[in-house]
Number of protein chains: 2
Amino acid sequence: MNQQITLKSRPEGRPDENNFEFQELEDPQIKNGEILLKTEYISVDPYLRGRMRDEKSYIEPFKVGEPLESMIVAKVTASQNSDFPEDTYVIGMLNWKKEQVHTGKDLKKIDPSLAPVSAYLGVLGLTGLTAYIALDKIGQLKEGETLLVSGAAGAVGSVVGQIGKIKGCRVIGIAGSDEKIEHITSSFNLDGGINYKTTSDMKKAIKEHCPNGVDVYFDNVGGQILDAALQNINKHARIINCGAISIYNSTEVPMGPRPEGILIKKSALMQGFLIRNHTEDYNSAISQLAEWLKAGKLKYDETVVEGFENTPKAFIDLFDGKNTGKMLVKV
Amino acid sequence: MNQQITLKSRPEGRPDENNFEFQELEDPQIKNGEILLKTEYISVDPYLRGRMRDEKSYIEPFKVGEPLESMIVAKVTASQNSDFPEDTYVIGMLNWKKEQVHTGKDLKKIDPSLAPVSAYLGVLGLTGLTAYIALDKIGQLKEGETLLVSGAAGAVGSVVGQIGKIKGCRVIGIAGSDEKIEHITSSFNLDGGINYKTTSDMKKAIKEHCPNGVDVYFDNVGGQILDAALQNINKHARIINCGAISIYNSTEVPMGPRPEGILIKKSALMQGFLIRNHTEDYNSAISQLAEWLKAGKLKYDETVVEGFENTPKAFIDLFDGKNTGKMLVKV
């Protein structure tokens, strides 16, 4: 029997499983021009929390009672559309349904011979593209500079750190467990790591790990870790505001030390980044990432949760940092 | 008798006249290679407050007991240096002294036939250069965009607003009195102005004056006005952090709403600007500004305080916004 997951209610603060509802659906039938998609992998991402709020943003909010959606890899299991023959793998913004009917519009075919299909939700998907394009457009890393990255074991951060090493930088990662720190330094060859959960003075810890100061800070978390990074930046530093998971669940306006004084003093830049504004750069970025993958210069992690029924939990677990690399649900 | 003004003690919070000391000096004598300078105009600027703190910044802090310094226009009254004949006007970072001996190193000769010499401390000096170069490098104004500027009647802000009009933008200025608002809209032709001292809801006021949102915010003040501007920015907005006079006197770390969420949502940029990093652009900027001046497209104000003895008071008055345009002391 087909199933979907809808937004039952908007979360207040941290989401929980009661915000989600499972509904049984009739098995879908396709008409001329349509295809039937079987969901293979669902991407769960922190930014989805923003769409659960009833407020205008860069993307429409989810509606209560309607199915959620995110990037999904699906297989065509029946087709009346010659552009998408049976057994084709596609990726696109799709509903959280086990099966769905689609016209094929805005779906992208993916090549399972280049990499496992799940990689298209991670290192070759929006998270890898985010890392590559944000570093390219805002970071403008120069050899020998120091790159600091938060969420360093996460989907975006792990690619950021490895690109930093490919570019010849000193790279320090921030993550939330000793296992993650061990992982990013041993598997990804980062120059050092800071476990923010066991570090009381982040400003000092960053200073110790970045004795020449921070030239580029790739921020996936916002909040107090951003504050500590700002206190260690060099002249002409670039801060990439890519995510702010630490404040996404805030119910009040999150307050912090004002950054304008430091930005002036250091002639530094803070710039927000949204991958959806850079679609024209996707193809060249995917080529470069795939080349590094093939050459063994770029590795990736996935945390794969099994079972459609565990999708809400996988999403909620993001806020406890339970993932290493891209968090995916295998249906 | 010659005189100098020294930093007697470092201010806590708002500076007052007790932080300054007047000292009598012997009349200076020049040796071979030296020139004698008579101070004509002293520039007093908010950034000097930062140098009164005992902390590392982009420029050395003032030392207690030593003379203060700022940009000064001086006249050569005696010369044993053929590069600087008698009666030459020069500008440079000079001590707060009525007369001083100098080698001429790092001084720039100025042309009194192009504009009154005081203009070289304002519209043709660092404040005009700051307006022009920051708008050029960070603002990247496009015709039809909306430019919001704080400190709009001040030395930098008044040039910013006029350049915005020259570039074909809608320009709204923020200032601290109805007279200033009247002045910037009537003399400088800005499209509107907001008196922040009589406006309780700045977010709403900016929204009303900028119905299409804010594309570039040129910030001379920081603090709550910056917060209100951020809540009105458009996608791809550029925020130029040029000054933060509202927080310069803070004795505690100034707190405010975190900007990272908005920066991400709007793919916006906040960038600190220091004119001293852009010396290579000074000459071309001065040419353009002088051309606009001659063509009558650019006007400027000076608030000229008479008397060397009033220099500390003129500086302190900056923090009450008592100046319209560049604040100068005529010695």
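Let's start with the contact between the two chains. This is a predicted model. Chain A puts in 29 residues, and chain B puts in 29 residues. Take the side of chain B that touches chain A. Three elements of chain B each give at least two residues to that side: β13 (255–257), α8 (260–265) and β14 (269–272). Which element has the largest share? That is α8(B), with 5 residues. By type, that side of chain B has 16 nonpolar, 9 polar and 4 charged residues.

Now the strands at the contact. β14 of chain A, residues 269–272, pairs with β14(B). The sense is antiparallel, over 3 bridges. Look at A:M270. Its bridge partner in β14(B) is B:M270.

Next, the sheet. It is open, it has 12 strands, and the pairing is mixed. Read the order with me: β10(A)-β9(A)-β8(A)-β11(A)-β12(A)-β14(A)-β14(B)-β12(B)-β11(B)-β8(B)-β9(B)-β10(B). Where are the edges? They are β10 (192–195) of chain A and β10 (192–195) of chain B, each pairing on one side only. From one strand to the next, the twist averages 15°.

A:L148 has A:Y217 as its bridge partner in β11(A).

Last, the helices on the sheet. In chain A, α6 (223–230) packs on it. This helix touches β8, β9 (170–175), β11 and β12 (233–241) of chain A, and its direction makes about 170° with that of β11(A). In chain B, take α5, residues 202–209. It lies across β8 (146–150), β9 (170–175), β10 and β11 (214–219) of chain B, and runs at about 170° to β10(B).

Definitions and conventions
Residues numbered from 1 in each chain as written. Chains lettered and ligands numbered in written order. Predicted model: local features only at pLDDT ≥ 70, side-chain atom pairs only at ≥ 80, totals over all residues. Contact = placed C-beta atoms within 7 Å. Helix = DSSP H or I, 4+ residues; strand = E, 2+ residues; numbered from the N terminus. Nonpolar A, V, L, I, M, F, W, Y, C, P; charged D, E, K, R; others polar. Pairing = 2+ DSSP bridges. Axes fitted to C-alpha atoms, helices over the stretch in contact; angles between N-to-C directions.
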